[in-house]
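Hi there,

Here is the structure I promised to pass on. Have a look at it first, and then read my notes below.

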Amino acid sequence: MSQTGQVRHLAIIMDGNGRWAKKRHLPRMAGHKQGMENIRRIARACDDHGIKVLTLYAFSTENWARPKKEVSYLMSLPVNFFNHYMPELQERNVKVKIMGYPDKLPAATEKAVQRAMAETADNTGMILNFAFNYGSRAEIISACQELAAEAAAGKIDPAEIDEQSFSQHLMTADLGELADPDLLIRTSGEERLSNFLLWQLAYSEFYFIDRFWPDFDEDDLQTALTAFANRHRRFGKI
Ligand code: IPE
Ligand code: IPE
Ligand code: MG
């Protein structure tokens, strides 16, 4: 967790693709496509700002409840994204991480994300972390189940479970000291978490902006980072 003005881990709830499209009398899919293209622009800008981890909420465990056609379009986006942008990700030494439940993903989607992770596994630059089929309550329950199983097997003492050992069982564990976002941005004017990183955001700064995700640009990012730099994080102290 950074105490100074620099954002090391930025998390974004990329919201408003559907409304962006509706405003233009386009199908929702057009908004998702534009939203995907915006990931490239913003990831690039984050890398240029020296951000170490960029976590993007791309598909929630609740998004399966959308119409079948929209879900299958959203499932095709990772294939499309990595097909187009892998050369640039490699050039920038970006390491891809996917955080979420692999079950229920179509085979082609699963293959594309596994491949992207494998191909960038040795990269040492910015971590581009996609929350895809991610849900924070499910994540927390999985952690509890794993800890309970270890306790039942006599491997750990329940009294010794603490925040640190609990964090080790979350999907952000491999991010180490960067596991908790410094700043959370949500676009589109909605001001809620929608089941995103409930544990990890405990001490993050929040920044909400009315702009729909496809329109969120480098200047908006700069404004958010400047706002963050002017915040005073106290972490309970004075
Ligand atoms: C965010 O845009 C993308 C996903 C949730 C997959 P939305 O699709 O939620 O767009 P709105 O909120 O309907 O405008
Ligand atoms: C949150 O957006 C999920 C993603 C951005 C992937 P939603 O649009 O699904 O959230 P709600 O339904 O408005 O809370
Ligand atoms: Mg939405």
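Before we get to the sheet, one term: two strands count as paired if DSSP finds at least two bridges between them. Also keep in mind that this is a predicted model.

**The sheet**

With that in hand, you can pick out an open sheet of six strands, in the order E3-E4-E2-E1-E5-E6, with parallel pairing. Its edge strands are E3 (95–99) and E6 (205–208), and each of these pairs on one side only. On average, neighbouring strands in this sheet are turned by 20 degrees against each other, if you ignore direction. If sheets are new to you: strands of a sheet pair through backbone hydrogen bonds, either parallel or antiparallel.

**Strand E1 and its partners**

Now zoom in on E1, which covers residues 9–13. Which strands does E1 pair with? One is E5 (residues 183–186), joined to E1 in the parallel sense over four bridges. There, Leu-10 stands opposite Leu-183 in E5. Another is E2 (residues 53–60), which runs parallel to E1 and is linked to it by five bridges. On that side, Ile-12 has Leu-56 in E2 as its bridge partner.

Is E1 buried or exposed? Five of its five residues are buried, so E1 is largely enclosed by the rest of the structure. In a regular strand the side chains alternate between the two faces of the sheet. You can follow this in E1: His-9, Ala-11 and Ile-13 point one way, while Leu-10 and Ile-12 point the other way, and all are buried.

There is also a helix to find here. Helix H7 (residues 218–229) lies across E1, E5 and E6, and runs at about 140 degrees to E5.

**Arg-137**

For a contrast, go to Arg-137, which sits in helix H5 (residues 136–152). Why is Arg-137 called exposed? Its relative accessible area is 61%, and exposed means over 50%. Apart from neighbours within four places in sequence, Arg-137 is in contact with Asn-195 and Leu-198. His-232 is 95 residues away from Arg-137 along the chain, and their C-alpha atoms are separated by 29 Å.

Key
Residues are numbered from 1 along each chain as its sequence is written. Chains are lettered from A and ligands numbered from 1 in the order in which they are written. This is a predicted model: local features need pLDDT of at least 70, side-chain atom pairs count only at pLDDT 80 or more; totals for chains, interfaces and linings use all residues. Side-chain values use heavy atoms; hydrogens and water are left out. Helices (H or I, at least four residues) and strands (E, at least two) are DSSP runs, numbered from the N terminus. Buried means under 20% relative accessible area, exposed over 50%, partly exposed in between (1.4 Å probe, protein chains only). Contact means heavy atoms within 4.5 Å. Axes are lines fitted to C-alpha atoms, for helices over the stretch in contact, and angles run from 0 to 180 degrees between N-to-C directions.
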